[in-house]
Amino acid sequence: MDHLTGESDIPDQVGSSAAYGGGPRSGEEEAQPDTPISSVPPQEDVPTKGKKKRSWLWSHFEEIIKDGEIRAKCIYCNVYVCGSSKSGITVMKNHLLRCKEYPRNINKSQTFLKFSKSEQTHASVNDDLVAEKRSKLEVWKFKQDETRKALAKMIIMDELPFRFVKREGFRYFMSVAQPNFIFPSRWTVARDCYQAYLEGKKNIKSFFSKCSSRISFTADTWTSCQNLNYMCLTAYFIDHDWNLHKKITNFCQISGHSGEVIGKEVEKCLLEWETTRVMTITVDNASSNDVGVEYVRKRLQRWKDGTVLRGKFVHMCCASHVLNLTVREGLKESNESISRIRNAVRFVRASPARMQKFNNCVKQ
């Protein structure tokens, strides 16, 4: 031991525990004396013990003994470099500069700071829930893939055409907002929208498989102006935080409005989404819907989750449709008066001169 420097000179073959970096620490087993380094298995990594290293590079490396030599192991890529005191720290510094797993080498692009708003709810003095918006400082940088996903979501939510990305106004706006954005073609946008649909469908199916509550559905059928029949099936469910969700699970073309066709399409959709815990199915008061829901009710009773009260409340009538039919029936008695009022309004609006004359009469 050199009393001036406090370091020990380690020979090539040392027959004591000093070869492992010093004596035992408190709470650790004492190394057996007279154990040569050559007895360590050649493929086994043995960490060394000793005084704390002063260089900052040792926070990225681990000192071990491999094949009887003191080596430095990179904690990111697990590559061994020379770690003895004779070789110095230059080798470790050069390796860290070119290490592909080192976080600073992975991402060297410029990042920015942004404030992200989050809404938190808490109870007030009167035990009323109050929403409070807070801002949080985060690191942001431009990502092409994330921007394309946001663009696909915007097109889906606003029901925009795929050729929207070719419009001059959108391209000018993006050139000012983010010049690094690479404009995709309409075919790429269509694929992104379909990929977003597949990801959303996967998430909902995963939720349905883990959901312990039952799911209610509404079915609606209609005929378009092209004489094509369509059916839309919407799911309503409550998540674990007691939030109500509404998701369109099926929008398809059907061959007709018969009860058997409607029932089979609903059954096909339930099997596709792997949904067996059905609570109710709400439809309008058409007679074909009664036949279709009765077909689905019999099929649900054969499934593993069955129905509630033997399917007594599976068929639910649409309250809005019932109210609409009631109002129409009541307006039949005053249909002639309503028709005359509509004809008078139509006559006044047909000409600007008539509208001006009508407004003058109103002012008088």
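**Salt bridges, core and helix packing**

Lys264 and Glu260 lie four residues apart in helix 6, so about one helical turn separates them. Their side chains meet in a salt bridge, with an N to O distance of 3.1 Å. Lys264 is partly exposed, at a relative accessible area of 42%. Glu260 is also partly exposed, at 48%. The model is a predicted one.

A search of the whole structure finds nine salt bridges. Among them is the pair Arg340 and Glu336, whose closest N and O atoms are 2.9 Å apart. These two residues belong to helix 9 and are four residues apart, which means a separation of about one helical turn. Arg340 is exposed, with a relative accessible area of 58%. Glu336 counts as exposed too, because its relative accessibility is 54% and the exposed class begins over 50%.

Another salt bridge joins Arg299 to Glu267, again with 2.9 Å between the closest N and O atoms. This pair links distant parts of the chain. Arg299 sits in helix 7 and Glu267 in helix 6, 32 residues apart. Arg299 counts as partly exposed at 27% relative accessibility. Glu267 has a relative accessibility of 9% and therefore counts as buried, the limit being under 20%.

Side chains of opposite charge can pair when their charged atoms come close. Nonpolar side chains, in soluble globular proteins, tend to be buried together.

The largest nonpolar core has 24 residues. Those with the most contacts inside this core are Phe208, Phe217, Val266, Leu270, Ile281 and Leu300. Several elements give two or more residues to the core. The helices in this group are helix 5 (186-210), helix 6 (259-272) and helix 7 (287-302). The strands are strand 7 (215-223), strand 8 (229-238), strand 9 (244-254) and strand 10 (278-283). Leaving aside neighbours within four places in sequence, Phe208 is in contact with Ile215, Ala235, Phe237, Trp273 and Thr275.

Helix 9 (residues 335-349) also packs against helix 10 (residues 352-363). The angle is about 110 degrees, and the axes are 6 Å apart. Helix 9 is therefore roughly perpendicular to helix 10, a class that covers 65 to 115 degrees. On the helix 9 side, the residues that meet helix 10 are Phe347, Val348 and Arg349. Helix 10 contributes Arg354, Met355 and Phe358. By class, this contact has four nonpolar, no polar and two charged residues.

Conventions
Residues are numbered from 1 along each chain as its sequence is written. This is a predicted model: local features need pLDDT of at least 70, side-chain atom pairs count only at pLDDT 80 or more; totals for chains, interfaces and linings use all residues. Side-chain values use heavy atoms; hydrogens and water are left out. Axes are lines fitted to C-alpha atoms, for helices over the stretch in contact, and angles run from 0 to 180 degrees between N-to-C directions. Angles under 35 degrees count as roughly parallel, over 145 as roughly antiparallel, 65 to 115 as roughly perpendicular and the rest as oblique. Contact means heavy atoms within 4.5 Å. Ala, Val, Leu, Ile, Met, Phe, Trp, Tyr, Cys and Pro count as nonpolar, Asp, Glu, Lys and Arg as charged, and the others, Gly among them, as polar. A nonpolar core is a set of buried Ala, Val, Leu, Ile, Met, Phe, Trp, Tyr and Cys residues joined through side-chain atoms within 4.5 Å. Buried means under 20% relative accessible area, exposed over 50%, partly exposed in between (1.4 Å probe, protein chains only). A salt bridge is a side-chain nitrogen of Lys or Arg within 4 Å of a carboxyl oxygen of Asp or Glu.
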